[in-house]
Amino acid sequence: MDESQDNPRLSTDISGFQGDGIDMTQVEILPGGDGISVEMQGRRLRFHAIWLRDNAPDEATRNPGNGQRLITLSDIPADTRISGATVNGGVLHLTFAPEGKSVGYDLEWLLSHAYDREQNRMPGWLAPHVETWHAALQPAIPVGDFAAVSKHGSALRTWLSVLARYGFAKLENGPVEEGALFKVVDLFGYVRETNYGRHFEVRTEVNPTNLAYTGLGLQAHTDNPYRDPVPTVQVLYCLESSAAGGENMVVDGFAAALRLKDENPEGFDCLSRHCARFEYAGSKGVALRARRPMIELAPDGELVAMRFNNRSAAALTDIPYDEMALYYDAYRRLGEIIDDPAMEVTFRLEPGECFVVDNTRVLHARKAYSGTGTRWLQGCYADKDGLYSTLAALEAEMQEAAE
Ligand code: FE2
């Protein structure tokens, strides 16, 4: 047993210690052994004993092969405390009472997982990888080359990272063949099959007699907000495009929500605090319904999702009477912002080209046609967990190769 277990106030000073590039000058056991306080890279960071024990990297706590935790919280004594702390060769060795267990922590890992920092953020904050945009992005639409991203991990990583940053990206020079969209999904994930099938056809014949009916533009929207969970990625792949017009248009829903917040914080708050309702029952045997906010925030205020689709909006019944007028004002203004040309980026899809969109963030639409001809696209859904997983795995591979 470590002799310091009986004296949890013991402090261990390590003056001027340098381990593996981490400058660590001092480690101190907090009163009662409740945690430690360390100075690393000029920052004073505290860690709780229970957090450290729960995140112990030893083989009895985590499987060294797959990294999965082998114990539950109930396997850790509720009165866990730190009884000893030493540093050796870039590793912080801690001893836990009452288990008498000693565990080593990599200092870089501790620094990168520190939580003793300012965490009070304003509602609507964005994940660090997200960059909002508006019409000024037009000359620099994110785009990848099908052959390059199919063959080279570095090209795929670059394309997926811009897709994650902007919420959409084009892919060019792909095959002009039915089902080619599945080859795009195979690059990063898996198709989400729905009641519309594994994929859906978007065929438009434009001629003077039906122009008014099939060539109309559509307001920018997110797809299928009546599903819960909603499909988080959509792929639209062009196979024929001889009609003039019909350009695709995208709007950054996060940029639109934050513009609403700037103009009308109360309206932003109202749309994020109350659930809208969405439904689709357009075919036999289908009655899809979801109750979710148009602007979705995580409990700590992070802006995580947008749902906006006038065609599938159902009657709003979850907004208090006293707030309904404010809700409608905010909903109207959000729609005006989304329709503002200053927010949109447009592009034309030629055969063999597609675009992939984060359906929880970026709204898409089709401009009206102005001539005659045909347009044929195939669409399908996928999910962004696979996309982010592929991106993170590629980034880890590249980092390993660089080390
Ligand atoms: Fe759509």
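**Iron site, helix packing and buried residues**

Visitor: How are the donor residues of the iron ion spaced in sequence?

Guide: This is a predicted model, in which local features need pLDDT of at least 70 and side-chain atom pairs count only at pLDDT 80 or more, whereas totals for chains, interfaces and linings use all residues. Residues are numbered from 1 along each chain as its sequence is written, and side-chain values use heavy atoms, with hydrogens and water left out. Donors are N, O and S atoms within 2.8 Å of the metal (3.2 Å for Na, K and Ca), and sites may look incomplete since water is not among the atoms. For the iron ion, the spacing of the donor residues in sequence is H-x1-D-x140-H.

Visitor: How many residues apart in sequence are the parts that His 221 and His 364 tie together?

Guide: His 221 lies in the loop between helix H6 (211-214) and strand E12 (233-241), and His 364 in strand E20 (residues 362-366). Helices (H or I, at least four residues) and strands (E, at least two) are DSSP runs, numbered from the N terminus. The pair therefore ties together parts whose separation in sequence is 143 residues.

Visitor: Which residues are the protein donors of the iron ion, and through which atoms?

Guide: The donor atoms lie 2.1 to 2.2 Å from the iron ion. Of the residues concerned, His 221 counts as buried because its relative accessibility is 4% (buried is under 20% relative accessible area, exposed over 50%, partly exposed in between, with a 1.4 Å probe and protein chains only). His 364 is buried too, with a relative accessible area of 5%. The protein donors are His 221 (NE2), Asp 223 (OD) and His 364 (NE2).

Visitor: Is H7 parallel or oblique to H9?

Guide: Helix H7 (residues 253-263) packs against helix H9 (residues 321-339) at about 125°, with axes 9 Å apart; axes are lines fitted to C-alpha atoms, for helices over the stretch in contact, and angles run from 0 to 180 degrees between N-to-C directions. Angles under 35 degrees count as roughly parallel, over 145 as roughly antiparallel, 65 to 115 as roughly perpendicular and the rest as oblique. H7 is therefore, relative to H9, oblique.

Visitor: By class, which residues make up the contact of H7 with H9?

Guide: Ala 256, Ala 257, Arg 259, Leu 260 and Glu 263 in H7 meet Ala 330, Arg 333, Leu 334, Ile 337 and Ile 338 in H9, contact being heavy atoms within 4.5 Å. Ala, Val, Leu, Ile, Met, Phe, Trp, Tyr, Cys and Pro count as nonpolar, Asp, Glu, Lys and Arg as charged, and the others, Gly among them, as polar. The contact of H7 with H9 thus has seven nonpolar, no polar and three charged residues.

Visitor: Is Asp 383 buried or exposed?

Guide: Asp 383 is found in the loop between strand E21 (373-382) and helix H10 (384-402). Not counting residues up to four places away in sequence, Asp 383 touches Tyr 190, Arg 192, Val 230, Pro 231, Thr 232 and Val 233. At 18% relative accessibility, Asp 383 counts as buried.

Visitor: What is the relative accessible area of Arg 53?

Guide: Arg 53 lies in helix H1 (residues 49-54). Beyond its neighbours within four places in sequence, its contacts include Glu 99, Lys 101 and Tyr 105. Arg 53 is buried, and its relative accessible area is 4%.
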